[in-house]
Amino acid sequence: IETPKPRTTPWRRHPWPLMLARWLRSSHDESNKRWWFRGMLSRPRGSVKSDALTEKQPEKNECPIIPAQLLQRFSFSSYSSLIPCVSVSFPNKASTFKLASAHVAHASMGAACVLDGCPCTEDHDGAVLFIIDPQVDFHEGGSLGAAGAYADSTRIAAFIETHHAEIGHIVVSLDTHHVQHISHAAFWTDGHGASPAPFTEITHAEVVAGRWGASDAALQEWALEYTSSLEQGGRFVHVIWPYHCLLGTPGHAVAPVLSPALERWSKLRKRTVTWVLKGQNNRTEMYSALRAEVPVLDDPATQLNTALVEKLKLHREVIICGETRSHCVNWTTRDLLSAWPAERVADITVLTDCSSNVGGCDEMGNAFYKDMAAAGVNLVTAAEYRSAMNPGSEASRHLAPARMSADPRKASEQAACEEGEMKIRALANKDRPIKGRARNRSQFVI
């Protein structure tokens, strides 16, 4: 009796996902796979472990979100993006607060997220402009407007116009809150149904004494832990802010004076603005665009955003501006500096005339500038940065003290070499069209 042969399907009838599956399961070199699919494929499961948490891999086809049949059919490779949800444990730190969302998949959590348009290819030439929270609610007339914010955004828009060829990427953070956020009055009550007024400070001692508590009884234990952790951090006492930057409201949008400049830069450079939404976790404040003030154990997005920091490191320079100087610009820059290479501090620039303080917080803004100057961060106005872009100018040498040698003779030689290189590049690019660069400034008029 002849054994029947297994049924096969001609390759022409194979859908492309199954063809890809066969190739991924083959004995091809792994480096070639990464080379071909570096823009699409995620890291191998379990290859990276965070110090703050340990991932416990689930059993096969065990996932509350993706059906088992779908996982069985398509989870053919360790590079597949269909990765089952994982349970998370934190062995290094125990929280007294019962995590209500500990069973939820990480994909549905997040105090922050990065939206970059999923570019097919990405280069990191030039500088990156990091604009912090340039939103309507932080401008004059907004619910938490800073005096001078409109003029700041006007200068930022002009800065983009002037330096659109030097700016390789633009990253814009957006403060993004819900009504029940911990910084809003709706989160708190005095026990009689009354909520605190805007700009009320709530201390840990007042929460312990019952002066203020969470309006949701299930979050009372977290309110105690949060206020205690915030004060132990030494940055702030918890403050109630007016309702601001609510998701879906006009106050959440980018200021109209700046938005057209971002759109025109994107069209001119054929690149997408990267948006960083922060502050979506109701249980913690997030002044910095890189991490929350008090990390929430079941939300990895409240930890330092190392992926964004690494992306910023790929650029020649990081230019920081936006709102507000006393808070979000302040702590974003400090967090970036804490993860930045010591030998590259001079590659961080803060535009001093492109951000303003929250009313009554001028002392915090002044302390921020003083600390950054002592650390070696460049503090310049938008106009000073323009003159610094001219090869061989005094401002150009002043902007990068860490790159210059301590020996005056070697410093002059180094400056001459850099000036010569810039002139050679200018001559080489004079008659050659450059992708995404305007031929003349009239093509980029705001």
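**Exercise 1. A bridge inside a helix**

Task: In this predicted model, find how Arg 155 and Asp 152 are placed in helix α4, and state what separates them.

Solution: 
- Start with the sequence. Arg 155 and Asp 152 are three residues apart in helix α4, so about one helical turn separates them.
- Check the side chains. They meet in a salt bridge, with N to O at 3.1 Å. The cut-off is 4 Å, so the pair qualifies.
- Arg 155 has a relative accessible area of 33% and is partly exposed.
- Asp 152 has 2% relative accessibility and is buried. The limit for buried is under 20%.

**Exercise 2. A bridge between β10 and a loop**

Task: Which parts of the chain does the pair Asp 133 and Lys 278 tie together? Are Asp 133 and Lys 278 buried or exposed?

Solution: 
- The side chains of Asp 133 and Lys 278 form a salt bridge, N to O 3.0 Å.
- Locate each partner. Asp 133 sits in the loop between β4 (127-132) and α4 (149-162), while Lys 278 belongs to strand β10 (residues 274-278); the pair therefore ties together parts 145 residues apart in sequence.
- Asp 133 and Lys 278 are both buried.

**Exercise 3. From a pair to a network**

Task: Describe the salt bridge of Arg 235 with Asp 335, then name the network that holds these residues.

Solution: 
- Take the distance. The closest N and O atoms of Arg 235 and Asp 335 are 2.9 Å apart.
- Compare accessibility with the classes. Arg 235, at 27%, is partly exposed. Asp 335, at 1%, is buried.
- Salt bridges link Arg 235, Arg 291, Glu 293 and Asp 335 in a network.

**Exercise 4. The whole protein**

Task: How many salt bridges does a search of the whole structure find?

Solution: 
- Count the bridges. The search finds 12.
- Count the elements. The protein has 13 helices and 13 strands.
- Take the burial. Of the 446 residues, 41% are buried.
- Take the contacts. Among those between residues at least 6 apart in sequence, 74% join residues at least 24 apart.
- Finish with the surface. The accessible area is about 23,900 Å², and carbon and sulfur atoms account for 56% of that surface.

Conventions: Residues numbered from 1 in each chain as written. Predicted model: local features only at pLDDT ≥ 70, side-chain atom pairs only at ≥ 80, totals over all residues. Heavy atoms only, no water. Helix = DSSP H or I, 4+ residues; strand = E, 2+ residues; numbered from the N terminus. Buried < 20%, exposed > 50% of the residue type's maximum accessible area, 1.4 Å probe, protein only. Contact = heavy atoms within 4.5 Å. Areas by Shrake-Rupley, 256 points an atom, 1.4 Å probe, with all protein chains shown as cover.
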